[in-house]
Structures are given as structure tokens and as C-alpha cells.
Amino acid sequence: MDLLDLHRSSIDLNEKLWADLSEAHLDLATPCAGWTVHELLRHQVAVALEFAASARGTTPEEPADDDPPTAYRAASDAAAEAFRAPGFLDRTARFPGYGPRRGKDLVAAHFVDNLVHAWDLSRALGLDSTLDAELAAAAFRMARHYPTTPDVRGPGGAFAMPVDVPADAPITDRLVGLLGRSPRWPARGA
């Protein structure tokens, strides 16, 4: 699967999860420290808007808060469309919060972010959080190259510091551990 298809698959996975959300789910805790499901959804919409704007060289729109699933779909579709523009993967664009990077780096980061947040949402909802092995392995290969500097890891960074996970653990566990989540984070009701 190529990078753009991986990216689309992570969006599709989130859209499936969002389709079954109810008001009762919005206040549930997530593995993202201090975030409820509602805050996670708002984050995903805002990030998709930022990446779409960066890919197009425009200013991000303000996220709509009245219908997060619809806002996410529109923002993610806009990002996916902008990422598919001829030559985008090899040209330089502004990586939100980190400056100029290759287009493929933006696509990879948005893919990893979407995939790991699908895991977060699945855990929060008490669903099976095992990610597709091909998607998780691709995200793991990409995320292994993320720096461990304070601007990326820790308070105020995009991810927490890695959590120790055995090298022979399932790929989903290794991926989420690499990005600062405990694979044993309690699911709803636990």
C-alpha cells in the first residue's frame, strides 16, 4: 500500500469509529493524557484543517464544533485531496508546528496521528483496539524516526515519551508504546 493509501485508510478507520459515537461517549477519558473523547475529536479536526491548509499554502480554517464527525470528514478529505496534488509528496510545505518539510513527511505524520488516535478512541470506547497489522507496521516504521526532543515529546509536544513495550509484543502495542501510550491503558469500565 502506498503512503497516500495508508493515509486514506487511517481516515476511513476514524470515520467508522466516529459513526457510532453518541453524546454519552463525549466525556469518556482517552489514553491521551487529560483528553476526553470530545477533546480528542476536536484535536483531530483541528489537525486535519492545519495539514490541509499547509498542503495548500493557505491559513487553516477555524474548526466547527457543532458536528465533529462531519467536520472531521470534510477536513480530512480536504487534506487527502491536497496531499494527492501532482508533485506534493516531493515538494516542501509547512509542517504545522515544525517548519518546512517534504510533502511526504506531512502525509506520513498525519497518517500516524490518525491511526494512533483511532487506537485511542477504540480504547476509550472499550472496543477491540488491535490495528490492522499492515497499517500499524507502516506507522511504526515511520514513527521510529520521530525525535525525542521536548518540542516533540513530553509536555507541550506532539507525543509523550515512549513507554517500554517488549520487542516481541504485537505491532499495535509496539506502535502505541513508541508514541507514549500504555498498551494496557484501561478500556471503558475497567
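Okay, hi everyone. Please keep in mind that what you see above is a predicted model.

Let's start with some empty space. Rolling a probe the size of a water molecule over the atoms shows where such space is left. I've picked the second largest pocket, and its volume comes out at about 180 Å³. It is lined by 16 residues, and those closest to its centre are L49, A52, E61, A75 and A78.

So where does the lining come from? Helix α2, residues 37-56, and helix α3, residues 68-83, each give at least two residues to it. The largest share belongs to α2, with 5 residues.

Two packed helices are described by the angle between their axes and the distance between the axes.

Who makes the contact? On the α2 side you'll find V37, L40, L41, H43, Q44, V47, A48, F51 and S54. On the α4 side, the list is L106, A109, H110, D113, N114, H117, D120, L121 and A124. Sorted by type, the residues of this contact are 10 nonpolar, 6 polar and 2 charged.

Let me zoom in on one name from that list. D113 sits in helix α4. Is D113 buried or exposed? Its relative accessible area is 12%, and the cut-off for buried is under 20%, so D113 counts as buried. Leaving out residues up to four places away in sequence, D113 touches H43 and V47. And here's one to find on screen: D113 and F159 are 46 residues apart in sequence, yet their C-alpha atoms are 9.5 Å apart in space.

One more residue, also on α4: S122. With a relative accessible area of 7%, S122 is buried. Which residues does S122 touch, if we skip those up to four places away in sequence? They are L17, L127, D128 and S129.

Technical notes
Residues numbered from 1 in each chain as written. Predicted model: local features only at pLDDT ≥ 70, side-chain atom pairs only at ≥ 80, totals over all residues. Heavy atoms only, no water. 1 Å grid on protein atoms, 1.4 Å probe; cavity = no way out; pocket = protein on both sides within 12 Å on 5 of 7 lines; lining within 4 Å. Points joined across faces, edges and corners; volume = space filled by probe spheres on them. Helix = DSSP H or I, 4+ residues; strand = E, 2+ residues; numbered from the N terminus. Contact = heavy atoms within 4.5 Å. Nonpolar A, V, L, I, M, F, W, Y, C, P; charged D, E, K, R; others polar. Buried < 20%, exposed > 50% of the residue type's maximum accessible area, 1.4 Å probe, protein only.
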